[in-house]
Amino acid sequence: MQQTDITLSPLAFHPSLHQLVWGTESWEVSAVPGNESIIAAGQLAGRTLSMAVQLWGEQLLGRKGLEQGGGTFPLLTKIIDAKQDLSIQVHPGETLAQRRHHCHGKTEMWFVLDAQPGASLLAGFSKPLPREEYAARVADGSIVQYLARHEVHPGDVFFIPAGRVHAICGGVRLCEIQQSSDITYRLYDYHRLGLDGQPRQLHVEEALDAIDFRVLPDYLTRYTPALGQAVPIVSCPYFNVNLLELDAPLHRSLAARESFVLLSLLDGEGIVTLDASPAAPPTATSQNRSFAVPSGTAATTASGPTFPLRSSLLIPAVQASFVITPVGNRPLRLLETYL
Ligand SMILES: [Zn+2]
């Protein structure tokens, strides 16, 4: 296959379903070695996301994506469906992960999709845990009593920076967006056995260097939902996430971000139409701004190719000017992520 034969275009992927002891994980977009997303349509159908990154480099990832990922796709997104409680865990930050594992740390965020009545999540400490008591509290599981338990509802957002102890609990389905890293330090696993009949490995000592023991007043991310706009819900050095709830087409001009744009469908149906001349430099008035296009005028503002929005759609950095149009009669809800 000649590189010049392949036209740059937004990429959709086959989700990869993983059965775990506590439920299922669907890896939506991944460049983790051994678990790379497979492209679902177009000229690169059947190839990996990493191959697209090799082919298109900065055109796909943008300058920031190229820098942050060091040549690989820098984010990982999953849909997690927890039937039982997940292990209590923590992820190392950038410095520790580089020193110890020669890879990136992991900061993540959760968007709750469904929650059974009374279902909860654990995130952060609710009262101080003296370091000298840590080992004993982890060994007997009483660390759970030191963690903040949050009863959750659909639409709740939690930002989990590296170092924050956390656990997803049974009865919760959520969308997780995180740095591409598979380094997890498991503190406590409820004395469960894995699918292979063996206790899963714990990393109590390693975790101690990663944990942020501070007690914060609140761990929930607050935002005000707004129909027809991009509502920022997370902004951190590793990614920015907006919630979009649309009942009419919305034009997005993100070319100035110098990043790919990842759209993750939460609910409804929609299509994405590229601007016909995406390479045109953004004007001062359109830079970093989004504006609603009245229903029915989308075709005049974006006349490029159209792509269905099924699960996730990765829009190349050089095509980051586009219109999202809901299809059908219920609002389209999605997360928009860029660096
Ligand atoms: Zn985690």
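This is a predicted model: local features need pLDDT of at least 70, side-chain atom pairs count only at pLDDT 80 or more; totals for chains, interfaces and linings use all residues.
Let's start with the overall layout. The chain splits into domain 1, covering 3–221, and domain 2, covering 230–338. Their C-alpha centres sit 25 Å apart, and the contact draws on 28 residues from domain 1 and 27 residues from domain 2.

On the side of domain 1 that touches domain 2, the elements giving two or more residues are β1, β3 (23–29), α2, β5 (75–82), β7 (108–115), β10 (157–160) and β12 (172–179). Helix α2 makes the largest share here, with seven residues. Sorted by class, this side of domain 1 has 18 nonpolar, seven polar and three charged residues.

## The seven-stranded sheet

Next up is an open sheet of seven strands, running in the order β4-β1-β22-β18-β24-β16-β15 with antiparallel pairing. The edges belong to β4 (38–39) and β15 (230–235); each has a single partner strand, so one side of each goes without a neighbour in the sheet.

Zooming in on one pair, β1 (residues 11–14) and β22 (residues 312–315) run antiparallel and are joined over two bridges. Within that pairing, Ala 12 faces Leu 313 of β22.

## A glycine between two helices

Where does Gly 57 sit? You'll find Gly 57 in the loop linking α1 (49–56) and α2 (58–69). Gly 57 has 14 other C-beta atoms within 10 Å, so it counts as partly exposed; the buried class would need 20 or more.

As for distances, Gly 57 and Ala 97 are 40 residues apart along the chain, and their C-alpha atoms are separated by 25 Å.

Methods
Residues are numbered from 1 along each chain as its sequence is written. Two strands pair if DSSP finds at least two bridges between them. Helices (H or I, at least four residues) and strands (E, at least two) are DSSP runs, numbered from the N terminus. A residue is buried if 20 or more other C-beta atoms lie within 10 Å of its own, exposed if 12 or fewer, and partly exposed in between; C-beta atoms are placed from the backbone. Domain bounds come from an automatic or database domain assignment. Two residues are in contact if their C-beta atoms, placed from the backbone, lie within 7 Å. Ala, Val, Leu, Ile, Met, Phe, Trp, Tyr, Cys and Pro count as nonpolar, Asp, Glu, Lys and Arg as charged, and the others, Gly among them, as polar.
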